[in-house]
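These notes are meant for a colleague who is opening this structure for the first time. Please read them with the sequence and the model side by side, taking the points in order.

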Amino acid sequence: MHDIKVIIRTTEMQEYSERMRSVGKTIAFVPTMGFLHEGHLPLIKEGRKLGDNLVVSIFVNPSQFSPEEDFESYPRNFDNDLKLLQKEGVDVIFYPDKNDLYQDGFQTYVELENLPKHLCGISRPIFFQGVATVVTKLFNIVKPHIAIFGRKDYQQLVIIRRMARDLNFDIKIVGFPTVREPDGLAMSSRNTYLTPEQRINALSLYKSLKQSKKLVESGIKDAKRIIDAAYTLIKSHPETVIDYIAICDPETLADMETIDRPALMALAVNVGKTRLIDNMILKP
Ligand code: AMP
């Protein structure tokens, strides 16, 4: 079995990465919140290809959850994660303690001006500040050359790309395509919350994206018409409460009225108590 190292302390992680860098090794990094599933594994395999050393972090980041969200109940299973990562040939699991990462008196946050004002940032106002802050910290601790993020969390990916440019992180940010179940549902740790009936209704997110893609390919350019059709489709499924459906510029995330160039369609829907997101690029 592959020899995997579990590092808990931030200082030990920094020392490890310094050692690897000093002998010319390329460090690839995949940050996660654990409870790993088939959707995480292709990113990890990609990391395995891109780096001499592959570090995967497992950390459920408290600063990105608001008090009414599922921080405490977010699914966790370290033993299973360890087994999966061992099989994938990961070199290091960075598994920090929240009191080590956020020490007493912590008061420094990373905030972007505009990108968090769209999509998920509207209903989750502190979310992206928490994400940008923890990713900055992880970058400073893991010191990767390359970091891989999933396009399923599209807004997160553009925010991290922007942040890396704005703050001069010398790190290549790689975006990885969304990994789906055979029927199209985007894989997510939160899918485990869904009852079998909710699992069927959750498919409405992907169905609405596919429907939108077809409408755009048939020549419809009016974003509102496409969004309305998606609302109708999703609302016809029980237990769905739509947070937002948006068609926007893939880089600025500003709303687009006319799809006269590639556009991002993104949506967030609560199915029962589970918040699901998905997205697709629509090309006229
Ligand atoms: P999470 O543990 O949910 O924070 O995810 C860790 C990383 O895996 C993030 O970069 C996610 O975007 C990515 N990821 C999670 N699920 C998927 C998926 N179904 N397809 C592609 N990337 C994913």
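1. Is Cys248 buried or exposed? With a relative accessibility of 0%, Cys248 counts as buried, because buried means a relative accessible area under 20%. Please keep in mind throughout that this is a predicted model.

2. The structure holds zero disulfides. Cys120 is in no disulfide, and the nearest cysteine sulfur to its own, that of Cys248, is 11 Å away. A disulfide would need the two sulfur atoms to lie within 2.5 Å. Cys120 is also buried, its relative accessible area being 7%.

3. The ligand site deserves a careful look. The ligand is surrounded by 16 residues, of which the closest are Met33, Gly150, Asp153, Val179 and Met187. Three of these residues can be followed down to individual atoms. Gly150 places a backbone N or O atom 2.9 Å from an oxygen atom of the ligand, while Asp153 places a polar side-chain atom 2.6 Å from an oxygen atom of the ligand. At Val179, a backbone N or O atom lies 2.8 Å from a nitrogen atom of the ligand. As for the ligand's own surface, it exposes 480 Å² when taken alone, and the protein buries 93% of that.

4. Next come the charged pairs. Side chains of opposite charge can pair when their charged atoms come close. Lys49 is exposed, because its relative accessible area of 67% is over 50%.

5. Lys224 forms a salt bridge with Asp228, and their closest N and O atoms are 2.9 Å apart. Why are Lys224 and Asp228 separated by about one helical turn? The reason is that they are four residues apart in helix H9, which runs over residues 223-235. Lys224 counts as exposed at 55% relative accessibility, whereas Asp228, at 35%, counts as partly exposed.

6. The salt bridge between Asp70 and Arg190 has its closest N and O atoms 3.0 Å apart. This pair links distant parts of the chain, 120 residues apart: Asp70 is in the loop between strand E3 (53-58) and helix H3 (78-87), and Arg190 is in the loop between strand E6 (172-176) and helix H8 (196-217). Asp70 is buried, with a relative accessible area of 15%, and Arg190 is buried as well, with a relative accessible area of 16%. Elsewhere, Asp249, Asp260 and Arg261 are linked in a network of salt bridges.

7. Asp278 has its place in strand E9, residues 274-282, and it counts as buried at 4% relative accessibility. The side chains of Asp278 and Arg180 are joined by a polar contact of 2.9 Å. Phe128 lies in helix H6, which covers residues 127-142, and at 3% relative accessibility it too counts as buried. Phe128 and Phe65 are 63 residues apart in sequence, while their C-alpha atoms are 9.7 Å apart in space.

8. The last point concerns the surface. Which residues form a nonpolar patch there? They are Val6, Ile8 and Tyr95, which together have about 220 Å² of accessible area. Val6 has its place in strand E1, residues 5-7, and it counts as partly exposed because its relative accessibility is 35%.

Definitions and conventions. Residues numbered from 1 in each chain as written. Predicted model: local features only at pLDDT ≥ 70, side-chain atom pairs only at ≥ 80, totals over all residues. Heavy atoms only, no water. Patch = residues over 30% accessible without salt bridge, like charges linked within 9 Å, V, L, I, M, F, W, Y side chains within 5 Å. Areas by Shrake-Rupley, 256 points an atom, 1.4 Å probe, with all protein chains shown as cover. Salt bridge = Lys/Arg side-chain N within 4 Å of Asp/Glu carboxyl O. Helix = DSSP H or I, 4+ residues; strand = E, 2+ residues; numbered from the N terminus. Buried < 20%, exposed > 50% of the residue type's maximum accessible area, 1.4 Å probe, protein only. Near = heavy atom within 4 Å. Polar contact = N/O pair within 3.5 Å; in protein donor to acceptor, adjacent residues only side chain to side chain.
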